[in-house]
Amino acid sequence: MKFNGPQNQLPEVDLVPMMDVLMSVLTFFIIISMTLTGQQVMNIAPPEAEGGRNPAVSDSGKKVPTLIVGLNAQRQIVMNNVPVPEAQVITSVQDFLVKNPTGIVILKADKSLTYNDVANVLELLRDIGGDRISLSVSSS
C-alpha cells in the first residue's frame with residue numbers, strides 16, 4: 001500500500017445550501033412580521049389591577065386634591081354624576097388644575113368601552129393637564 005502523501009488542497013465549502021436556508025428563514029420572519037403588525041385589536045376589556053397605588057394619596061401620605069371625570073357606557077363624559085359637554089369639561093379641568101397645582105385628574109371609564117373611546121378622552125385630558133392624569137376602570 002502506498003499513500004500519495006498529504007494533499008495541499010483546501011476543501012471547498014458550498015455556500016448555496018446555506019444561502020437557501022438563510023433566505024427561507026428571512027422570508028418566514030418577513031411574512032410573520034407583516035401579518036402581526038396588520039392586526040387591529042379592538043374591544044378588549046382593560047385589565048384589572050390589584051394592589052395598585054392610589055393616585056389620590058401622595059408618597060408622604062398626604063391626600064392630593066383630585067377631580068374625577070367619568071366616561072359612562074354611552075360614551076358620555078360625566079362630572080358630578082351629570083353628563084356634560086366637552087367644552088365644559090375643558091374649562092372645569094383647566095380651572096381645577098390652576099387652583100390646585102399638585103392636584104390630579106382621574107378618568108373613571110366604564111369597563112364595557114372600547115380602548116379607542118377611552119383613548120379619545122385621555123387625549124383630551126392630556127392636552128389640558130399634561131402628566132397629571134390617571135385612569136381608573138370600573139364596571140357599571
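Reader: How many helices and strands does the protein have?

Author: This predicted model contains 3 helices and 5 strands.

Reader: And what pattern do they follow along the sequence?

Author: Read along the sequence, the pattern is α-β-β-β-α-β-α-β.

Reader: What is the mean pLDDT of the protein?

Author: The mean pLDDT is 75, and 68% of the residues reach 70 or more.

Reader: Which elements have the lowest and the highest mean pLDDT?

Author: Strand E5, residues 133–138, has the lowest mean value among the elements, at 61. The highest belongs to helix H1, residues 16–37, with 88.

Reader: Where does pLDDT stay under 50?

Author: That applies over residues 39–47. For this stretch the model has 5 contacts beyond four places in sequence.

Reader: Turning to the protein as a whole, what percentage of the residues is buried?

Author: Buried residues account for 23% of the 140 residues. As for contacts between residues at least 6 apart in sequence, 67% of them join residues at least 24 apart.

Reader: Let us move to H2. How many residues does it have, and what distance does it reach?

Author: Helix H2 covers residues 86–99, which is 14 residues. From its first C-alpha to its last it reaches 20 Å, close to the 20 Å expected at 1.5 Å a residue.

Reader: Which residues of H2 are buried?

Author: The buried residues of H2 are Val89, Val93, Phe96 and Leu97. Seen down the helix axis, they fall within an arc of 95°, so they line one face of H2.

Reader: What does the face turned away from the buried side carry?

Author: That face of H2 carries the exposed residues Ala87, Val98 and Lys99.

Reader: A change of topic: how many aromatic pairs does a search of the whole structure find?

Author: The search finds 1 aromatic pair. Phe28 and Phe29 form it, in an edge-to-face arrangement with 5.4 Å centre to centre and 70° between the planes.

Reader: Why does that count as edge-to-face?

Author: The angle between the planes of Phe28 and Phe29 is 70°, and planes over 60 degrees apart count as edge-to-face.

Reader: Is Phe29 buried or exposed?

Author: Phe29 is exposed, and its relative accessible area is 53%.

Reader: Now Thr114. Where is its place in the structure?

Author: Thr114 lies in the loop between strand E4 (104–110) and helix H3 (115–129).

Reader: Buried or exposed, this Thr114?

Author: Thr114 is buried, with a relative accessible area of 16%.

Reader: Which side chain does Thr114 join in a polar contact?

Author: The side chain of Thr114 is joined to that of Asp117 by a polar contact of 2.9 Å.

Reader: What about Asn81?

Author: Asn81 is in the loop between E2 and E3, and it has a positive phi of about 60° although it is not a glycine.

Reader: Are these two asparagines, Asn80 and Asn81, buried or exposed?

Author: Asn80 is exposed, with a relative accessible area of 75%. Asn81 is exposed as well, with a value of 74%.

Conventions
Residues numbered from 1 in each chain as written. Predicted model: local features only at pLDDT ≥ 70, side-chain atom pairs only at ≥ 80, totals over all residues. Heavy atoms only, no water. Phe/Tyr/Trp six-rings, centres within 6.5 Å; stacked < 30°, edge-to-face > 60°. Buried < 20%, exposed > 50% of the residue type's maximum accessible area, 1.4 Å probe, protein only. Helix = DSSP H or I, 4+ residues; strand = E, 2+ residues; numbered from the N terminus. Expected span 1.5 Å × (residues − 1). Arc of directions from axis to C-beta. Polar contact = N/O pair within 3.5 Å; in protein donor to acceptor, adjacent residues only side chain to side chain. pLDDT = per-residue confidence, 0-100. Contact = heavy atoms within 4.5 Å.
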